[in-house]
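Good morning, and thank you for coming.

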Amino acid sequence: MKLHEYQSKLIFSKYGIPIPKGRVAATAEAARQIAQELGGRAVIKAQVLVGGRGKAGGIKVAKDPNEAEQLATQVLSMEIKGLPVRKILVDEAAAIETEIYLGITNDRAARKPVMMASAAGGVDIEEVARETPEKIIKVHIDPLLGLRDYQARDIAAGIDLPRELWRDFNAIALGLWRAYSENDATLAEINPLIINKDRKLVALDGKMLIDDNALFRHADLAELRDIDEEAPEETEARKYGLSYIKLDGNIGCMVNGAGLAMTSMDVIKLFGGDPANFLDIGGGAGSDKVAAAMKIILTDPNVKAVLFNIFGGITRCDEVAKGILVAMDEVKPKVPMVVRLVGTNAEEGRKLLEKAKMITAETLADAAQKAVKAAKSRK
Ligand code: GDP
Ligand code: MN
């Protein structure tokens, strides 16, 4: 789950990281009011869950409350990378001397979190990472020991941070590590961490990604989810406890079990097709869940054929068949459907589906080939 800048910075500030004064607003008048409270100069920042807002014109500096209102009107009418701006953060404007990058993510290869820092922070950090990776310092963190003081000092030295700022930097790096680990984040990033004209470090931007699988133990974070910002199918899928990821292909997949779903996608590819999604309906799915899953698959206009691959263990094939029939009644799909049902109550399931004019298959290879062929014939 992605957090907005204002949400991430509030979390950072709980861990002692200095952030600018400011508040979030949804109207231009509110922005004017906040700018007034901040003493006039303010920065208006689009709160959308994509990167590169600055380059897209979503970050604007206002010299007084009047201009703040004007710029807020502008920013609130923008769309950034397809997402309409519904909220803005109005922060006191900073006087920037230096922009530093500081972030933590998981390094899967090293099986450890890694803290990264660069003196060349700011909006071009991706370019820096690509073209001059030596300008990025990396330090792996032992998850049991946490970030050690000497590691924070190594980073400060590595980015040539002025000596008088090392103590503050240490506290910020440690705070960022705690924010990352205590909230089960997969990314915690400050870009830029600035040195301002008063020679103080301030986190000007913030970004956090929280591991969805850990949200059950962070009720307060789960509430921060902004469903306006995510694909409606994903919101719907979560409501029914389905694992759904949209992909670019044209064969919709409905499978029970994550491993079987991966396998089904592989076999589709093996026969020259391309899956439109990953979808795991989970074990023991009842007909309502199956119907929801099918509706989600069929709302994707790219889907030219659907493959059902159900291995009935805890899940009963007749329940799945009932769900398919309910959904077909509601959605009236026009695309061919290939179904492979094996296991518990498979025979009952197949009988139910006989009237539904579905293509049946005995094996996964057979099913995948039929789905690929069906999708190709509809291009
Ligand atoms: P991003 O583009 O989505 O990463 O948004 P940021 O919050 O990082 O802002 C992008 C850039 O805008 C920063 O790197 C700064 O150069 C600039 N910026 C942001 N806030 C301020 C501010 O308060 N004052 C000034 N002068 N520049 C700012
Ligand atoms: Mn940024």
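First, the conventions. Residues are numbered from 1 along each chain as its sequence is written, and chains are lettered from A and ligands numbered from 1 in the order in which they are written. This is a predicted model, in which local features need pLDDT of at least 70, side-chain atom pairs count only at pLDDT 80 or more, and totals for chains, interfaces and linings use all residues; side-chain values use heavy atoms, with hydrogens and water left out.

The chain is assigned domain 1 (21-92), domain 2 (96-222) and domain 3 (231-377); such bounds come from an automatic or database domain assignment. Between the C-alpha centres of domain 1 and domain 2 there are 25 Å.

The shell holds 16 residues, the closest being K45, R53, G54, A94 and E99; a residue counts as near if one of its heavy atoms lies within 4 Å of the molecule. At least two shell residues come from each of strand 3 (42-46), strand 4 (59-62), strand 8 (96-107) and strand 11 (185-196). Strands here are DSSP runs (E, at least two residues), numbered from the N terminus.

Consider now the polar contacts, meaning pairs of N or O atoms within 3.5 Å. Oxygen atoms of ligand 1 lie 2.6 Å from a polar side-chain atom of K45, 2.7 Å from a polar side-chain atom of R53, and 2.7 Å from a polar backbone atom of G54. Taken alone, ligand 1 exposes 560 Å², and the protein buries 82% of that; these accessible areas come from the Shrake-Rupley method with a 1.4 Å probe.

I turn to the backbone. Most residues other than glycine have a negative phi, and most peptide bonds are trans. Which peptide bond is cis? The bond that joins N191 and P192 is cis, with omega about 10 degrees, and P192 belongs to strand 11. R199, which is not a glycine, has a positive phi of about 60 degrees. This residue is in the loop between strand 11 and strand 12 (201-203).

Conventions:
A polar contact is a pair of N or O atoms within 3.5 Å; within protein, one must be able to donate a hydrogen and the other to accept it, and residues adjacent in sequence count only if both atoms are side-chain atoms. Helices (H or I, at least four residues) and strands (E, at least two) are DSSP runs, numbered from the N terminus.
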